[in-house]
Amino acid sequence: MSVPQVARKIVTAIPGPKSQTLEEEHKKYVSAGVGQGMPIFAQSASGSTITDVDGNRFIDLASGIAVTGVGNCAPEVVKAVQDEVTKLTHTNFATTPYENYIDVCKKLAEHTPGDFPKKSVLVNSGAEAVENAIKIARRYTGRSAIVVMENAFHGRTNLTMAMTTKSMPYKQGFGAFAPDIYRVPFSYPLRDAFGADGAAAAKAATDKIELLVGSANVAAIIAEPIQGEGGFIVPAEGFLSGLADWAHAHDVLYISDEIQAGFCRSGKWFACEYDGVTPDLITTAKALGGGMPIAAVTGRADIMDAVQPGGIGGTYGGNPVSCVSALAAVGIMEKLDLPAKAAHIGEVVDGLLKPLVGEVPTVAEVRGHGAMIGIEFVKAGTMEPNKELVGRITKRTIQEGLIMLTCGINGNVIRLLPPLVITDDELTEAIEVLKEIIIEESAK
Ligand code: PLZ
């Protein structure tokens, strides 16, 4: 490896001895059904680096799956959490309300697209936000059919499993699944017949809805503005707006699932803004909490108010400690203009990685918006997905000090989700390491 270690510091073999010992305990006590990620165990993290139990320091290109956008253990977040736990740990908002919950809803109303009165409900996880958005859409429209996209990921609960495309590992053996979910093709410019013609891709999708479901039966269309788990797929311009326009012409609600792409990651506050879409409902989680668990459904006030009191909520939703964490995180996003920072990250990474397309025959595409970047790998000279190569690359990147994730319906995409506070030096070091490994492994 020719790239010197500056932000990274690898002092043992990976995994180190303490991680190896913990791995034995992990195998013994943690369900095998819980995904097995990196072979190392985290001890502490700060900004854009994570240090493991053996003292190895890694550059974080995952942000805990797009959560720590404001950085790991952001000082403002830590302070807010420390202060709040001495005041309130939990009351349950529907039992004894508190101000921070309302403040988070105000911030959601302020930053989500749409110049109209908005309201929110706070919950604990992305899947729970999606479930609630569907409940609200059904209650408001009095209809039951839900249209989802091919390659979508919406969560692991029963309803969201049904909405998710990929069987293995998310659905295998977990049926029966919730009914009245219909799947239509998502725009995938690299691979679909429509390429850059998003309007044509939207027309094909909405024609299919008319044919299979009938617009009068559809409560909502839900789409990720950039597909996350499905492969960091950026739809062609005109696709999302085509879906939303069709929805609005047929009294169907349009829901943007911004759980992975939202809150500055894409270079805008919300990724649906790239196609000029104003969703009726928007689901958020991950980056919103700055590292603490919180999620939300935000939408037009009249839609959000269609639900009978007590119809949505839960014991922990909008826990006060998570609320102050979210407020601190959103404060950092505003103060540091993190949408602009994410756009800058995208430019730096594109400058370093885009030349690989054409130079390295296994790199089919480098795509994304802002700091949500995917690299799709194929077998040289074909369009066949190359999961095996991605496996070899990620085996080496961890050895060289990068925390990095993959994705894609075929497992052949490397995804980059660095904390948005990453410095140019840290980012360049990480991407140079990745680039060298891609070139070497692709040549084998
Ligand atoms: N909607 C768009 O990306 C979560 C899941 C990883 P939860 N994505 C990461 C895994 O293996 O479970 C996600 C998402 C989109 C919904 C969800 C679900 O969010 O907070 O994991 O429930």
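This is a predicted model: local features need pLDDT of at least 70, side-chain atom pairs count only at pLDDT 80 or more; totals for chains, interfaces and linings use all residues.
Helix H7 covers residues 198-212 and helix H8 covers residues 239-249, and their axes, which come within 7 Å, cross at roughly 35°, with a right-handed crossing.

Now let me step back to the whole chain, which is divided into domain 1, made of 17-60 + 337-442, and domain 2, made of 78-336. The centres of the two domains, taken over C-alpha atoms, are separated by 26 Å, and where the domains meet, 32 residues of domain 1 are in contact with 30 residues of domain 2.

What about the interior? In soluble globular proteins, nonpolar side chains tend to be buried together. Here the largest nonpolar core has 118 residues, and the members that touch the most others are Met-149, Ile-221, Leu-281, Ile-375, Leu-416 and Leu-434. Helix H10, residues 320-335, gives this core its largest share, nine residues, and each of domain 1 and domain 2 supplies at least three residues.

Which residues does Leu-416 touch, if we leave out those up to four places away in sequence? Among them are Leu-61, Phe-232, Val-349, Leu-353, Ile-375, Met-404, Ile-431 and Leu-434.

How values were computed:
Residues are numbered from 1 along each chain as its sequence is written. Side-chain values use heavy atoms; hydrogens and water are left out. Axes are lines fitted to C-alpha atoms, for helices over the stretch in contact, and angles run from 0 to 180 degrees between N-to-C directions. Helices (H or I, at least four residues) and strands (E, at least two) are DSSP runs, numbered from the N terminus. A crossing is left-handed if the near helix is turned anticlockwise from the far one by less than a right angle, and right-handed if clockwise. A nonpolar core is a set of buried Ala, Val, Leu, Ile, Met, Phe, Trp, Tyr and Cys residues joined through side-chain atoms within 4.5 Å. Buried means under 20% relative accessible area, exposed over 50%, partly exposed in between (1.4 Å probe, protein chains only). Domain bounds come from an automatic or database domain assignment. Contact means heavy atoms within 4.5 Å.
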